[in-house]
Each structure stands twice: as C-alpha cells, then as structure tokens.
Amino acid sequence: MLDPDEEAAKYPRDLAEAYAFALRHLQLADRAMSHPLGFTMLQQVPDSAGGYSRVHIWRRDAPFGQIPHSHSGHLRSMVLAGRLRNNLWGIDRDIDAPTPIIAVEKRGADHREYRIIGCHGFRLEGVGDFEPGQSYEIPAGVFHSNECLTEICVTFVRRRAGRGETSRVAGKLEEITASQRRPSVLSNTELERLERDLLAAAWSLRVELPRL
C-alpha cells in the first residue's frame, strides 16, 4: 500500500509521471469516492503548497457532469484515457430564469458549508475536446463543466491552493447539499480494464513509463 506522505513530495510533472501516478493509484481503489459532479476520484495526494493531485474516472452516463462550477484554485487536467469535453461558461444576466449560485466552503476534510450568493444565467462561451496526452487549464473562479465522450475517461488533475476564491456551483441548494461525497466501489474487472486502457494509451503515445 502506498504512503500518501511519501507520494506528496513526488507529484507528477510530465506525461510519463502522470500515467505512472494513475497506475499506482489504481492500487488504492478501495479508497475511491464518488464526487457530486459525476466522477469517481481516487485517493487525493496533497502537496506542500496546499494543492493536490488526484485521478478522476469519468463515465459517459454520469448524471451531473455538465453542471457549471468553479474552483477556488487554478486547475490543470490531463486526459490519460478516453476523450473528455470541457465547456467554458460565462454569466448572462439577461436570461429570464436564472440559476442559483451556491458557494461551497470546505470546513475540515469531509465537511462543507453551502450558501446562495446570487442567481445568474449562463451562456456557453467555449468548448474543447481532449484526447490522451492533451490537457487544459481552468483559472480559479472560472465556470466550466465536463462531459465524458467515451464510455469511460481517466484524467490526472492537479489543483493549486486557493487564493481567496470560493468554489461555486450552479444549481438548487437542496440538490447540491444532497449530493455528498460517498465511498465508491470499483470491481476487479473495472480496475483491470482501467489499467489496460491506461497502458494502451501510454503505448500509443510512446510514453516510456518509469518502473512502477
């Protein structure tokens, strides 16, 4: 079993290390969590600056993946397997039926507080489709959403520590507060398939993986 404290000092800096990180963390799948925004996340590894690295597993039938939301810190996401769509959203105050904007404030490791900070409409401002080896960045405070374009997609995510921004999500307060993180079980069959997908993608990109 990996020691998260030892891993924290070695967060991935390039494509080969991102694949190695993902393959190693499949070993920790018993600690996977379902995220309210529709993906499964493997164990989060903090860095010394207050950010984190982790692996996200997306599925095409995820019910909440396209909800506009923002992050408190700068985020970079690298696609390792499958294809992912990233949508950028701008606020449109002329829409007749605005959506509540919920501020999400972290209070400890597992507790979050929610409050309505306004109501706005949204307009789609940009769409980007990403394949293995490609990445995109989302500055703190920018609204975006994700959509898995293949049956399954694996991404490596690095998020820097927040700098005064608050995470925000568009939706009804009762729905947002009801969608909490919860343990997620990945079957051996799915874990084996994820490993095969990652290895195949790395091979197709001619990524030379370090010894695991």
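**View A. Burial of helix H2 in the predicted model.** Helix H2, spanning residues 15–25, is mostly covered, with nine of its 11 residues buried. The model shown here and in the following views is predicted. The buried residues of H2 comprise Ala16, Ala18, Tyr19, Ala20, Phe21, Ala22, Leu23, Arg24 and His25.

View B. A side-chain oxygen of Asp14 lies within 3.4 Å of the backbone nitrogen of Ala16, at the start of H2. Ala16 is itself among the buried residues of the helix.

**View C. Aromatic pair of Phe21 and Phe156.** The structure contains four aromatic pairs. In one of them, formed by Phe21 and Phe156, the ring centres are separated by 5.2 Å and the planes by 65°, an edge-to-face arrangement. Distant parts of the chain are linked by this pair: Phe21 belongs to helix H2 and Phe156 to strand S12 (residues 152–159), and the two are 135 residues apart. Both Phe21 and Phe156 are buried.

**View D. Aromatic pair of Phe130 and Tyr136.** The ring centres of Phe130 and Tyr136 are 5.0 Å apart, and the pair is tilted because its planes meet at 40°, an angle between the cut-offs of 30 degrees for stacked and 60 for edge-to-face. Phe130 has a relative accessible area of 15% and is therefore buried, the cut-off being under 20%. Tyr136, at 7% relative accessibility, likewise counts as buried.

Terms used: Residues numbered from 1 in each chain as written. Predicted model: local features only at pLDDT ≥ 70, side-chain atom pairs only at ≥ 80, totals over all residues. Heavy atoms only, no water. Buried < 20%, exposed > 50% of the residue type's maximum accessible area, 1.4 Å probe, protein only. Helix = DSSP H or I, 4+ residues; strand = E, 2+ residues; numbered from the N terminus. Polar contact = N/O pair within 3.5 Å; in protein donor to acceptor, adjacent residues only side chain to side chain. Phe/Tyr/Trp six-rings, centres within 6.5 Å; stacked < 30°, edge-to-face > 60°.
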